[in-house]
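Here is a short tour of a protein fold, from its overall build down to a few side chains. Take a moment to turn the view around before reading on.

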Amino acid sequence: MKVLVCDKTEKECIEQMRAAGLTVDTNFEITPEELMTVAPAYDVLVVRSRTKVRQPLIDVCPNLKLIVRGGVGLDTIDVDYARAKGIEVCNTPLASSDSVAELAIGYMFMMARSLYKATETMKAEKWEKKAFEGVEIGGKTLGLIGVGNIGKATAKRAAALGMTVLAYDPYVKEFEYGKLVSLDELLAVADYISLHLPKTKESADMIGAEQFAKMKDGVRIVNCARGGIINEGALYEALTSGKVAAAALDVFAVEPPTDWKLLKLDNVIGSPHIGAATKEAQGRVGAEVAQIVIDFAKK
């Protein structure tokens, strides 16, 4: 079985697949155009966020039997079309949960204590001690939109910090770290709102002007899920009006952004989609990818 690894993957993962008798080639910089000519020779494609597997690519790959996405989301793959063609599609939903949850919690602390602004002033050799009265995380209400593996990992940490955790997820019936509520109830009472759901046709732009109007004044927003779930234009208006006190964004509707005005606001902090970018998570992702491919080859 021939495997093409299209995005950076741990060396140990690649060697593990080779040790199992698989032919594994790597091209971490392959372009979409090159992939159209190279991929038809392979049985398995291993991808991360960078490489997209859309219908035109699937159509030119007669040997393709398995697509493995090293990561949580599958929005970079035409999953339904691939499966309709008899191609198995897998991801690694557990490997990066803790890393993303820690980033979300870290962002909450940063916003609560204005650490990003305080650091900027210190680097400018200013001692503005009286300008940075913050708030505590403990005792505040966290509203989680989506409580899959990452949402639950975030909830566990938030509860340990003394936060009251509310969650909205129409696909979840039981939630051990807090209370399941309607989206409207969550929006009305949460001091912090953190998103942990995939981007789908249903979730695209699900947080817009109407939803911001239902939130508490001074709410703080975290999005380490997917760009495009929050309407960025509506978020900009909410941030500039004072409705939203601060936002922390790891993901964006277009990556990298083509319009940077949101990130230029003083009450916005951001990062370049690094939720899963820890050594520990990358190691777990690689190990899970290797095991998925090896198990598939044994069928």
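**Overall build**

What you are looking at is a predicted model. The protein has 11 helices and 12 strands. With a radius of gyration of 21 Å, close to the 19 Å that the globule rule gives for 299 residues, the protein is as compact as a globular protein of that length. Along the principal axes, its C-alpha atoms fill a box of roughly 65 × 50 × 35 Å. Of the 299 residues, 48% count as buried. Among contacts with a separation of 6 or more, 58% are between residues 24 or more positions apart.

In soluble globular proteins, nonpolar side chains tend to be buried together. Here the largest nonpolar core has 31 residues, and those with the most contacts inside it are Ile-145, Ile-193, Leu-195, Phe-212 and Ile-221. Two or more residues each come from helix 8 (183-189), strand 9 (192-195), strand 10 (219-223), helix 10 (232-241) and strand 11 (244-249). Helix 10 gives the largest share, 5 residues. Apart from this core lies another, of 27 residues, including Ile-105, Met-111, Val-147 and Tyr-192.

Beyond its neighbours within four places in sequence, Phe-212 is in contact with residues including Ile-207, Ile-221, Ile-230, Ala-234, Leu-235 and Val-244.

**Helix 7**

Next, follow helix 7 (residues 149-160). At 1.5 Å a residue, its 12 residues should span 16 Å, and the 17 Å between its end C-alpha atoms agrees with that. Ile-150, Gly-151, Ala-153, Thr-154, Ala-155 and Ala-158 are buried in this helix. Their cover includes helix 5 (97-113), strand 6 (141-145) and strand 7 (164-168). After helix 7 comes Gly-162, with a positive phi near 90 degrees.

**Rings and their partners**

The structure holds 1 aromatic pair. Phe-175 and Tyr-177 make up this edge-to-face pair, with 75 degrees between the planes and 6.3 Å centre to centre. Tyr-177, at 26% relative accessibility, counts as partly exposed.

Conventions:
Residues numbered from 1 in each chain as written. Predicted model: local features only at pLDDT ≥ 70, side-chain atom pairs only at ≥ 80, totals over all residues. Heavy atoms only, no water. Helix = DSSP H or I, 4+ residues; strand = E, 2+ residues; numbered from the N terminus. Expected span 1.5 Å × (residues − 1). Buried < 20%, exposed > 50% of the residue type's maximum accessible area, 1.4 Å probe, protein only. Contact = heavy atoms within 4.5 Å. Core = buried A, V, L, I, M, F, W, Y, C linked by side-chain atoms within 4.5 Å. Phe/Tyr/Trp six-rings, centres within 6.5 Å; stacked < 30°, edge-to-face > 60°. Rg over C-alpha atoms; globule rule 2.2 N^0.38 Å.
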